[in-house]
Amino acid sequence: MRPKRKSDNMGGKCDIQLIDDNGIRIDGRKIHELRPITIEAGVLNRADGSAYLEWGDNKVMAAVYGPREVHPRHRQKADRCIVQYYYSMAPFSVGDRKRPGPDRRSTEISKISAEALENVIFLDQFPRATIDVYVTVLQASAGTRCAALTAASVAVADAGIPMKDLVVSCASGKVEGKVVLDLVQAEDNFGESDVPIGYVPKTGEIVLMQMDGDMTYEEMEEAMELSINACKEIYEIQRDALIRRYADAEEVE
Ligand code: ADP
């Protein structure tokens, strides 16, 4: 069975200590430390753009098609393109087999992630078209919506779709009364809150924000600062993936 959600767990107790007396977390990280992240752009030949990302134990593949014609046609917008985002978790991505197919959670994640990308893509350059973004979580360990959106935005750039900047996504939350960056599974399940954001480094815009659980105003400010600084770090990893991709492409030519 999937562990209880924070919202079911308010006031509940976890038997294990998630942060020790020296401020070290259950996976050995400090409070303000990200899990290791690697990104490869252009990994799939059949898609117009793609990216593979590992973020701690999360493994995510993103593929982009388009701009291309919208089907069914009634979904077309005369003055701009639409972004259709399909987030899915592979049945083998979690401890217990995940039932394949869409569910409420994947529908929600797909909606907010499409809206985040619509904020950075120059939509009016492709009237009546769609940009289709498929993200599959191959292995999940909390923070998959952030990992997915971070990979998806590299895949959109890899497809050559004009954007004002990449979207970077990261979460902070509250665990045992402390504001921490980038929660792992146990922290996500038993912590007090989790706040994923989507950030656009060039403009400073927040294009996605959700909150599960509770935080004070001051804690929220601290969490935002942590996440934004982490997003700036992740942005460099995204850019590096794209630079390597195009350096490799030049060598092949
Ligand atoms: P996120 O992955 O963005 O943090 P959630 O907070 O909803 O999203 O999920 C946290 C984690 O719980 C996921 O990363 C995954 O490891 C696990 N999880 C989510 N859905 C399921 C599911 N249907 N079955 C088993 N584990 C799940």
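What follows is a short walk through the structure, from the whole chain to its ligand and then to some backbone details.

Keep in mind that this is a predicted model, in which local features need pLDDT of at least 70, side-chain atom pairs count only at pLDDT 80 or more, and totals for chains, interfaces and linings use all residues. Residues are numbered from 1 along each chain as its sequence is written, and side-chain values use heavy atoms, with hydrogens and water left out.

Let us begin with the overall fold. The chain has five helices and 10 strands, taken as DSSP runs numbered from the N terminus (helices are H or I with at least four residues, strands E with at least two). Its radius of gyration is 18 Å, close to the 18 Å from the globule rule for 253 residues, so the chain is as compact as a globular protein of that length; the radius is taken over C-alpha atoms, and the rule is 2.2 Å times the number of residues to the power 0.38. Along the principal axes, the C-alpha atoms fill a box of roughly 55 × 40 × 35 Å. Of the 253 residues, 49% are buried (under 20% relative accessible area, with exposed over 50% and partly exposed in between; 1.4 Å probe, protein chains only).

Now turn to the ligand. It is surrounded by 14 residues, the closest being Arg105, Gly143, Thr144, Arg145 and Gln185; a residue counts if one of its heavy atoms lies within 4 Å. Helix H3 (144–158) and helix H4 (185–190) each give at least two residues to this shell. An oxygen atom of the ligand is 2.5 Å from a side-chain N or O atom of Thr144, an oxygen atom is 2.7 Å from a side-chain N or O atom of Arg105, and an oxygen atom is 2.8 Å from a polar backbone atom of Gly143. The protein buries 88% of the 530 Å² that the ligand exposes when taken alone, with areas from the Shrake-Rupley method and a 1.4 Å probe.

Finally, the backbone has some details to look for. Gly66 and Pro67 are joined by a cis peptide bond with omega of about 0 degrees, and Pro67 sits in strand S3 (residues 58–69). Another cis bond runs from His71 to Pro72, with omega near -5 degrees; Pro72 is in the loop between S3 and strand S4 (82–89). Arg128, not a glycine, has a positive phi of about 70 degrees and is partly exposed at 45% relative accessibility.

Key
Polar contact = N/O pair within 3.5 Å; in protein donor to acceptor, adjacent residues only side chain to side chain.
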